Amino acid sequence: HTLVGKHKIYHGDGVTAEDLRSFKPLEQWQMQLESDVLVHGVHVLEALRGAGDVLLFLIVKVVAEDAVGRPVESYAVLRGMSIAVLVWDLDEQARAPIFLCVRQLRPAAAKYTVEIPAGMLSDQDTLVGSAARELKEECNLEVRRADLVRLGKAYTSQGILDEQIEYYALRYRDMREHVEAHGHKEFGLDE
């Protein structure tokens with residue numbers, strides 16, 4: 001096991017002590033643990049890595065006690081913060097808002113989905129910086145960080161995920177022209 005922060009983290013061969021110490025979602029999750037929960041141990045069941053062997057997710061089993069001493073055994077997927085940007089304008093003819101969405105294949109949903117631009121927080125960036133980066137990657141839309149309005153944050157599925165999404169809004173008055181120019185093109189990191 002490895003002591004990370006104030007908790008013992010039990011891990012197998014696929015995860016090093018350095019991986020655990022440098023994985024920001026684990027550090028943030030530990031800071032958020034309630035003071036009335038006594039954690040006996042965190043067992044890493046799986047570590048999922050991305051390009052360059054970067055640690056993206058940890059699937060963990062948590063052994064703890066609640067405030068009255070009852071044992072609690074739970075599972076969590078640690079991945080950290082994400083962002084999403086609601087890009088909108090007002091359709092003057094229809095007198096209704098219009099939104100910029102992306103269509104992406106989502107294997108977990110077993111289909112293509114239509115969603116607002118979103119993505120994971122980069123270790124090298126701030127939340128608002130990640131929001132601007134995702135707009136460029138997913139929509140080929142370059143925006144000033146100062147134009148993004150913070151709306152707040154919410155958990156996505158707190159029963160299993162530590163992930164919180166920080167939501168931003170951007171009114172983009174040239175949206176129709178942008179969609180006409182780029183609407184049927186695919187963007188992403190591979191370009």
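Student: Why is Ile160 called partly exposed?

Tutor: Good place to start, and bear in mind that this is a predicted model. The relative accessible area of Ile160 is 36%. Buried means under 20% and exposed means over 50%, with partly exposed in between, so Ile160 is partly exposed at 36%.

Student: Where does Ile160 sit, and what makes it part of a nonpolar surface patch?

Tutor: Ile160 lies in the loop between strand S11 (149-155) and strand S12 (164-171). Together with Leu45 and Tyr75, Ile160 makes a nonpolar surface patch of about 270 Å². A patch residue needs over 30% relative accessible area, and Ile160 has 36%, so Ile160 passes that cut-off.

Student: Tyr75 is in that patch too. Which residue stands opposite Tyr75?

Tutor: Lys61 stands opposite Tyr75, which is in S5. Another such pair is Val63 opposite Glu73 in S5.

Student: How do you know that S4 and S5 are paired strands?

Tutor: Pairing takes at least two bridges. Strand S4 (residues 55-65) and S5 share 8 bridges in the antiparallel sense, so they count as paired. Their hairpin has 5 residues between the strands, and Gly69 takes a positive phi near 90 degrees there.

Student: What makes S1 and S5 edge strands?

Tutor: They belong to an open sheet of 5 strands with mixed pairing, in the order S1-S2-S3-S4-S5. Strand S1 (2-4) and strand S5 (71-78) each have a single partner strand, so one side of each is left without a neighbour in the sheet. The twist from one strand to the next averages 30 degrees.

Student: Why is S12 described as largely enclosed?

Tutor: Of the 8 residues of S12, 6 are buried, so S12 is largely enclosed by the rest of the structure. As for its partners, strand S6 (residues 82-91) runs parallel to S12, joined by 7 bridges, while S11 pairs with S12 in the antiparallel sense over 6 bridges. Tyr168 in S12 stands opposite Val85, and Tyr168 is also the bridge partner of Arg150.

Student: How do you know that Arg49 and Asp19 form a salt bridge?

Tutor: The cut-off is a side-chain nitrogen of Lys or Arg within 4 Å of a carboxyl oxygen of Asp or Glu. The closest N and O atoms of Arg49 and Asp19 are 2.5 Å apart, so the pair qualifies. This pair links distant parts of the chain, with Arg49 in strand S3 (residues 38-49) and Asp19 in helix H1 (residues 17-22), 30 residues apart.

Student: Are Arg49 and Asp19 buried or partly exposed?

Tutor: Arg49 counts as partly exposed at 28% relative accessibility, whereas Asp19 counts as buried at 18%.

Student: What makes Arg133 and Glu137 a salt bridge, and how are they placed in helix H3?

Tutor: Their N to O distance is 3.4 Å, which is within 4 Å, so they too meet the cut-off. Being 4 residues apart in helix H3 (residues 127-139), they are separated by about one helical turn. Arg133 counts as partly exposed at 24% relative accessibility, and Glu137 as buried at 16%. Elsewhere, salt bridges that share partners join Asp19, Arg49 and Asp53 into one network.

Student: Why is Arg70 called exposed?

Tutor: Exposed means over 50%, and Arg70 has 52% relative accessibility, so Arg70 counts as exposed. Its side chain meets that of Asp66 in a salt bridge of 2.6 Å, N to O. The whole structure has 13 salt bridges.

Terms used
Residues numbered from 1 in each chain as written. Predicted model: local features only at pLDDT ≥ 70, side-chain atom pairs only at ≥ 80, totals over all residues. Heavy atoms only, no water. Helix = DSSP H or I, 4+ residues; strand = E, 2+ residues; numbered from the N terminus. Axes fitted to C-alpha atoms, helices over the stretch in contact; angles between N-to-C directions. Patch = residues over 30% accessible without salt bridge, like charges linked within 9 Å, V, L, I, M, F, W, Y side chains within 5 Å. Areas by Shrake-Rupley, 256 points an atom, 1.4 Å probe, with all protein chains shown as cover. Buried < 20%, exposed > 50% of the residue type's maximum accessible area, 1.4 Å probe, protein only.
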